[in-house]
Amino acid sequence: MVYVRLVTNPATGSGSGRAADLDAASSTPLHPAARDTFLAALERGYADPRRLHGSARDARLLLDNAREATAAALGVRPDEVSFTASGTDAVHRGLLGLVKGSRRGDVVVHTAVEHSAVLHAIRWGARGVDVPCDRLGRVLGSDLEQEAIAPEVGVVAVQTANHEVGTLQPVGGLELPDDVPVFTDACASMGRLPLPGGWAAAAGSAHKWGGPAGVGVMLVRKGARWRNPFPVDDRVDERTVGFENVPAILAAAAALQAVVAERDEVNARHRELIDVVRARVAAEVPDVEVVGDPEARLPHLVTFSCLYVDGEALVLELDRRGFGIASGSACTSSTLAPSHVLAAMGVLTHGNVRLALQRDADRAQVDAFCDALPGVVAHLRARVGQ
């Protein structure tokens, strides 16, 4: 018989001795509010919320409460909120649902720096026209508007903020034809920043704001022409399928409320810390390029590229010293392909790493990372003769 057991990584132990986990863009630990709510909801949220007996009604109340709390935190209507199996699922359903509901056509005008989830959805169920960006990763609203005039364009897809370099995009205020809706991938920013205006459908991912993994949020505006692009079942919410993980959904909603309540303080602290990283990396590491918009950006994230250094090697070497960071090409690292985001920006695509601060990050962690980085880069360059 095989027993489930908790396995500890011998390289890191329990994790308590690590200098810093600086990979919040990939995932964050459970927010304390999420942890407490999840444990409490396990006792009451196990039943099928579609049934009529007492336990099912309890689960339904929890699910409705999660929907209302999520809507209040995001400034939308409860009936505009659906819970999905992941942020990727929310992206696919939100975008392709607008494509299927379009009366104009199946062409999606999108920025060249969209997340791969958006690009894969377009390749699977639509036709794409990408709009280039500048070296900061910014796309001009006028460029999106010009492409959207074409008669077969059904949707414009523009992310709220870039997941690799943090640059914010012009989601609200686009002057598009009345029957061309906007889909925005807000997975990198939901909870951390207020939602922009102007979208017909949006997507978020709970594990990026301190909720459990396996919970996505899809928002569809009241009155938007959205049709389910995938097979449906007999659940009440016609936008999704399957049995909801009620405890996880309620925990995700609790974390979102908490993150929104504290974000002004956290964002201000994170922005100051990232300013330190940007300045020290540029000043102390030779042949480095700090990328992304220095001002109009996510407050907790920075990406930089080092000449003559392999990004994955830099990640592993820093990990040995207790710093958990990510390669900017993490979404494509398994294929060894360079990041399409960095390539579209026209910046260095190799030797790239992304640092994203966890909620409780402090100056000591940032300074320790910046102190270690120049020596690590010099060591790796020496190994390849640079």
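Colleagues, the structure before us is a predicted model, in which local features need pLDDT of at least 70, side-chain atom pairs count only at pLDDT 80 or more, and totals for chains, interfaces and linings use all residues. Residues are numbered from 1 along each chain as its sequence is written, and side-chain values use heavy atoms, with hydrogens and water left out.

Let me begin with Gly154. This glycine belongs to strand β5, residues 153-157; strands (E, at least two residues) and helices (H or I, at least four) are DSSP runs, numbered from the N terminus. Is Gly154 buried or exposed? Gly154 is buried, because its relative accessible area is 0%; buried means under 20%, exposed over 50%, and partly exposed in between, with a 1.4 Å probe and protein chains only. Setting aside neighbours within four places in sequence, Gly154 is in contact with Ser102, Arg104, Gly105, Val107, Asp179, Val180 and Pro181. From C-alpha to C-alpha, Gly154 and Arg103 are 7.1 Å apart in space, although 51 residues separate them in sequence.

Asp293 counts as buried because its relative accessibility is 6%. Which residues does Asp293 touch, not counting those up to four places away in sequence? They are Leu136, Arg138, Thr167 and Arg278.

Finally, consider Arg227, in the loop between β8 (216-220) and α6 (246-284). Its relative accessibility is 48%, and Arg227 therefore counts as partly exposed.

Note on methods:
Contact means heavy atoms within 4.5 Å.
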